Amino acid sequence: MKNTYLSVVFVVLCGFGTYAQTTTKRPLKPSDVYRLQTLSDPQISPDGKWVAYTLSSVDSVKNKRNADIWMTSWDGKESIQLTYSPDGESQPRWSPDGKYLSFTSSRNGLTSSQIWLMDVRGGEARQLTDLKKGSLSEYAWAPDGKKIALVISNDPDTSKSKMTKPIVIDRFKFKQDVEGYLTKKTTHLYLYDLVTKKIDTLTKGIYNESSPRWSPDGTQIAFVSNRTADPDRNANSDIWIIDAKPNSVMKQVTTWTGRDSGPEWSPDGKQIAYVRSTSSDNYFMYDQTILCVVSKDGGEPKLLSKTLDRPVGSPLWTKDGVNLHALVTDDRTRYVAQFAVVDGKMTKALTGNRSVSALERHPSGTILTVMSDPQTPSELYALESGNLRRLTTHQEAFLAPLALATVEGFTSKSKDGASVSNLLYRPANAVKGVKLPTILFIHGGPVAQDEFSFDLSRQMLSAAGYAVVAVNYRGSNGRGLEYSKIISADWGNKEVLDILGATDYLVQNGIADPEKLGIGGWSYGGILTNYTIASDTRFKAASSGAGVAMISSLYGVDQYILQYENELGSPWKNFDKYVALSYPFLKADRIKTPTQFMVGESDFNVPSVGSEQMYQALRSLGTPTELIIYPGQFHGITNPSFQKDRFERYIKWFNAYLKK
């Protein structure tokens, strides 16, 4: 295929002559994972002049990702790196007077994360807290700057490297990815006094608290907690309020038997905005959040987005307290909307083929966003009267040498008539009208979606010469509650119809070469890869990451005990259901597709047993297969060299069968 990558010509004035220099844009390659930076957690200074945030980068020599604190001026003209330690920093927060910037870090050899304080006028950061026990997960400054609310867990370390005693378990849910075995873990609120250095306990018991938010007058703290008799057996959480002083009695604000979370005080301190689940059941795999407002004294809440039938999150009050800004997850996009508190009337503030992932309010009332599109990884933008003004340019160096895939949306019809929204990635050098080897790369979740955002995995596969397709199968969000929950207890049925419907569309429209079709994905994407190749033999290669096999073998082995109990029932009562959903494994002799299996060794989300069983089945049957286990990795592969390795193995495997 003729290389049609664009060339950029620079005129260079050097000494006495003028020279033409041609630089050719190149495709992505696996080693580019070392160059991509990740921007997150923006925080606007009280005077509105600066935005602090974290920027994560990879040190390829040390094979380590490290996050530093940066800040950029509100006009976008100046960016400053504030921290340089090899230990990493996170959670930048401004002191209320704007003189200090705090952050968390375990720098200087500390065994646990502590709060550090940096004078923005200059000088080294100094350690503020000295927690001897437990792990700090969140913190929030009091409005007067004299105290800080802390969220501290007292859980013992059950990681393999530090276990010296037997792990004793007596909980219903006892496993969680990354956290490991859950023993007597509790997470509570504490109050740190900056003058006396004293820490007071605010909450106690067998429960967990999170998301502390100070009232505007600094007298109370709102937070989230599940205070049911046995929190392990349900997903119910509520908004609570407690006075910001020791021995206070907490007050329950919400009473929904579903999940309430994300509290945000109104500017006058009289109301709290939050989001709640649509369902009032004990379990919420297939659900979406509703934007709500309730009096700080409790009572019946206003459900501002009840009729929208889309997930709404990240509520942010306007300065006058009349409206709320929030993020709405819609079909392949996440946009900014404004909701009137009085009646819930919604106005779209920022739309288009893009994905917004965070909101912050500037003192002027302007909105700060973190935004991505198919050609640009996340950067900071100011949203001013419906227009975006870019504040950061961290991704320019990453993008400069690259010729990226073009991304377009299309709609396919499934065999049963369902309409499915998809994204198509075409290689930058694709010749119009030429059928391409094609990989359907399926998202996990299942209640998630592929959006018009920057997607490194699909861009990487497309750069290897493939048309790559993202299918928002039934079970995905962004299309309404019924679209998500229709797959409940019926896995691998309608989703496979949707994947095959998208495949038919690609073939019928001359995009995909029907003899060079591949499929892959991670987590539920790996699960659906297994379901699809067990249902249809048209795919010539597959890569299944962190999938499952015999479903009953995962009961008590993974972290989804609530899902099994509420969606499928106990195996001893509904074993036939478990058997029916295990058809890729129990009908492995129908699989003719050469399949690569991958998984993290320490994955408690979708443990390695599923990938191992599927690998063993295909190996026993003589179907080409391989198994890659990444040592010490959880569900998400975070080791940079392993991330690079995974891309290399994807490409090598698909090339072997789709580019003969």
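This is a predicted model: local features need pLDDT of at least 70, side-chain atom pairs count only at pLDDT 80 or more; totals for chains, interfaces and linings use all residues.
Which residues of α6 are buried? The legends below start with that helix and then turn to sheets, cavities and a single threonine.

View 1. Residues are numbered from 1 along each chain as its sequence is written, and side-chain values use heavy atoms, with hydrogens and water left out. Helices (H or I, at least four residues) and strands (E, at least two) are DSSP runs, numbered from the N terminus. Helix α6 spans residues 561–568 and is mostly covered, with 6 of its 8 residues buried; buried means under 20% relative accessible area with a 1.4 Å probe, protein chains only. The answer to our opening question is Ile561, Leu562, Gln563, Tyr564, Glu567 and Leu568. These buried residues pack against α7 (575–580), where contact means heavy atoms within 4.5 Å. Just past the end of α6, look for Gly569, which has a positive phi of about 85°.

**View 2. The open sheet β3-β4-β5-β6.** Here 4 strands lie in the order β3-β4-β5-β6, with antiparallel pairing; two strands pair if DSSP finds at least two bridges between them. Because β3 (38–44) and β6 (79–81) stand at the edges with a single partner strand each, one side of each has no neighbour in the sheet. Neighbouring strands are turned by 30° against each other on average, direction ignored; the axes are lines fitted to C-alpha atoms, and angles run from 0 to 180 degrees between N-to-C directions. Inside the sheet, 10 bridges join β4 (residues 50–59) to β5 (residues 64–73).

**View 3. The hairpin of β21 and β22.** Strands β21 (residues 260–265) and β22 (residues 271–277) run antiparallel and are joined by 4 bridges. Ser261 is a handy landmark, standing opposite Val275 in β22. The hairpin has 5 residues between the strands, and Gly269 takes a positive phi near 75°.

View 4. The structure holds 2 cavities of 30 Å³ or more. On a 1 Å grid over the protein atoms alone, a cavity is a set of points where a 1.4 Å probe fits but cannot get out, and lining residues have an atom within 4 Å of a point. Grid points are joined across faces, edges and corners, and a volume is the space filled by probe spheres set on the points. The largest cavity has a volume of about 50 Å³. Among its 10 lining residues, Ala403, Leu404, Ala405, Ala428 and Ala463 lie nearest the centre. The second largest cavity holds about 40 Å³ of space, and its lining includes Tyr531, Val548 and Phe585. Helix α5 (524–533) and helix α8 (583–586) each supply at least two residues of that lining, and α5 gives the most, with 3 residues.

**View 5. Thr104 in strand β8.** Thr104 is found in β8, which covers residues 100–105. Thr104 counts as buried because its relative accessibility is 2%. Leaving aside residues up to four places away in sequence, Thr104 touches several residues, including Gly88, Ser113, Leu136 and Tyr139. The C-alpha atoms of Thr104 and Gly88 are separated by 8.7 Å, with the two residues 16 apart along the chain.

Note on methods: On a 1 Å grid over the protein atoms alone, a cavity is a set of points where a 1.4 Å probe fits but cannot get out, and a pocket is an open set with protein on both sides within 12 Å along at least five of seven lines; lining residues have an atom within 4 Å of a point. Buried means under 20% relative accessible area, exposed over 50%, partly exposed in between (1.4 Å probe, protein chains only).
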